[in-house]
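Please walk through this model with the sequence and the coordinates side by side.

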Amino acid sequence: MFADTPIDSIVFNEQQVFVKRDDLLSKEFSGNKARKFAYFLENDFPGKTGLVGHGSPVANSLYSMSALAKLKGVSLDFYVDHIAEQVLQSTMGNYAESIANGANVIDVSKCEDRDDLSVIEYIQQKVLPDNEHLLFVPEGGRCEYARFGVHKLAQEIIDWSQQQSSPVVQVFLPSGTGTTAVFLSEYLTLHSDNIKVFTCACVGGNDYLQLQFDELLADRSLHPTIVDLGKKYHFGKLYKPFYDMYNRLLASGIEFELLYDPLGWMCVEKLIQQNAMMPNNSSSSAATILYIHQGGLLGNENMLPRYQRKYG
C-alpha cells in the first residue's frame, strides 16, 4: 500500500546525515506506526467488527488506529488511564482527529468496574473475554504483525545502501516499545553485513527497552545497539534541549515531531562524536548515518503550543 519513501539529507553537526522520509507515507499513516500497521492495512481480518487498543490519548498510535478502523469499516475502542482536561477541550491534534474519525476513547479511571486494574489488565479481564469479534492491537502496535511492515522498511534501506559508497551504514531511530527497532535490526542483521541499527529509550529507560526487545525477539545477537546519553528524560515532559533541537532541525528544512525525535537527534550527535573518535577514521571511511523519520507531526499541534508557552 505504501510506496518506497524518499531519502533526503541535511547537514547536522557539520556532517551529512540522511533522513528516511517516512513522514511522507501518508497523512493518516506516517512514520513507525505506518510500518507497524502495514499488515492490518494490507490484509482483512474476517469475523472482526472492532479494534481494541490502548495507550496515551495524545498518541500517534491512537490516530493511526482510528484511521485504520475508519478505512476498514470497523469500530475502535481505545483505552487510556486518564484524559487531561486540556486534551478533552482541544480541537486539534491526535485526540481530536481520532474522535472525528469515530474512535471511542475510554477513560478507565471513570469505569466503575475497574477494581484497581491497570489499563492492560482491564482490557484482558473485562473487555476481551467472550468478545471474539474484537481484534486487540497492543500498545503502539507492539506485536508479531509489525514484522510485516518493518521488514519491508528494512529491505528499502538495503536497496538504498547498495547505491552508497560508504562501507558502513548506521541506521538510527528512537524507541518507545522498541518494536520497530528490534524487527528492523533482526532483518538487517540477517540480510546485510554493513548495516547496523542504533536506537535510544524514550520511554522507561534502557532496562525497560531491553526487556521489550527480549520479549519480542529472544536472540540478543539480532538486537539493535542502545545509545545512552547518561541522563534520564521523562516521556512527554517538556525539556529546553528538546525544543532547541526541534528548532535546529526545522532550520534544516525538515520538521520532526516533538516526543521522540529530539532525543533521537541528541543521540545522533553522540554517534557522530563517537565516529570521529574512531582510530584511522577519515571522510572516505566514516560511517553513513541514516535517520528514520518518526512521522507523527499531527501531535505537534498539541506539543508545540506547550513548548512555546513555556520557552517562548
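The expected span of a helix is 1.5 Å times one less than its number of residues. Helices (H or I, at least four residues) and strands (E, at least two) are DSSP runs, numbered from the N terminus.

This is a predicted model: local features need pLDDT of at least 70, side-chain atom pairs count only at pLDDT 80 or more, and totals for chains, interfaces and linings use all residues. Residues are numbered from 1 along each chain as its sequence is written, and side-chain values use heavy atoms, with hydrogens and water left out.

How much of α11 is buried? Of its 16 residues, 12 are buried, so the rest of the structure largely encloses this helix. Buried means under 20% relative accessible area, exposed over 50%, and partly exposed in between (1.4 Å probe, protein chains only). Among the buried residues of α11 are Asp-261, Trp-265, Cys-267, Glu-269 and Asn-275. Their cover includes β1, β2, β7 (169-172), β8 (195-199), α10 and β10.

Now turn to the core. A nonpolar core is a set of buried Ala, Val, Leu, Ile, Met, Phe, Trp, Tyr and Cys residues joined through side-chain atoms within 4.5 Å. The largest one holds 34 residues, and Phe-12, Phe-172, Trp-265 and Val-268 touch the most other members. Elements giving it two or more residues are β1 (7-12), β2 (15-20), α10 (240-250), α11 (261-276), β10 (288-292) and α12 (300-311). With seven residues, α11 gives the most. A second, separate core has 27 residues, including Phe-18, Ile-157, Val-197 and Ile-292.

Look closely at Phe-172. Contact means heavy atoms within 4.5 Å. Not counting residues up to four places away in sequence, Phe-172 touches residues including Phe-198, Cys-200, Gly-264, Cys-267, Val-268, Leu-271 and Tyr-291.

A disulfide is a pair of cysteine sulfur atoms within 2.5 Å. For Cys-143, the nearest cysteine sulfur, that of Cys-202, is 20 Å away. For Cys-267, the nearest is that of Cys-200, at 3.8 Å. Cys-267 is buried, with a relative accessible area of 1%. Cys-143 also counts as buried, at 12% relative accessibility.

Next comes α12. This helix has 12 residues and reaches 15 Å from its first C-alpha to its last, close to the 16 Å expected. Its buried residues are Asn-300, Met-303, Leu-304 and Tyr-307. Seen down the helix axis, they fall within an arc of 95°, so they line one face of α12. That arc is taken from the directions from the helix axis to the C-beta atoms. The cover over these residues includes α10. Just after α12, Gly-312 takes a positive phi of about 85°.

Met-303 is a residue of α12. At 8% relative accessibility, Met-303 counts as buried. Leaving aside neighbours within four places in sequence, Met-303 contacts Gly-236, Leu-238, Leu-258 and Leu-259. Its C-alpha is separated by 9.6 Å from that of Val-58, 245 residues apart along the chain.

Finish at β1 and β2. These strands pair in the antiparallel sense over six bridges. Two strands pair if DSSP finds at least two bridges between them. Asp-8 has Val-19 of β2 as its bridge partner. The hairpin has two residues between the strands, and Asn-13 takes a positive phi near 50° there.
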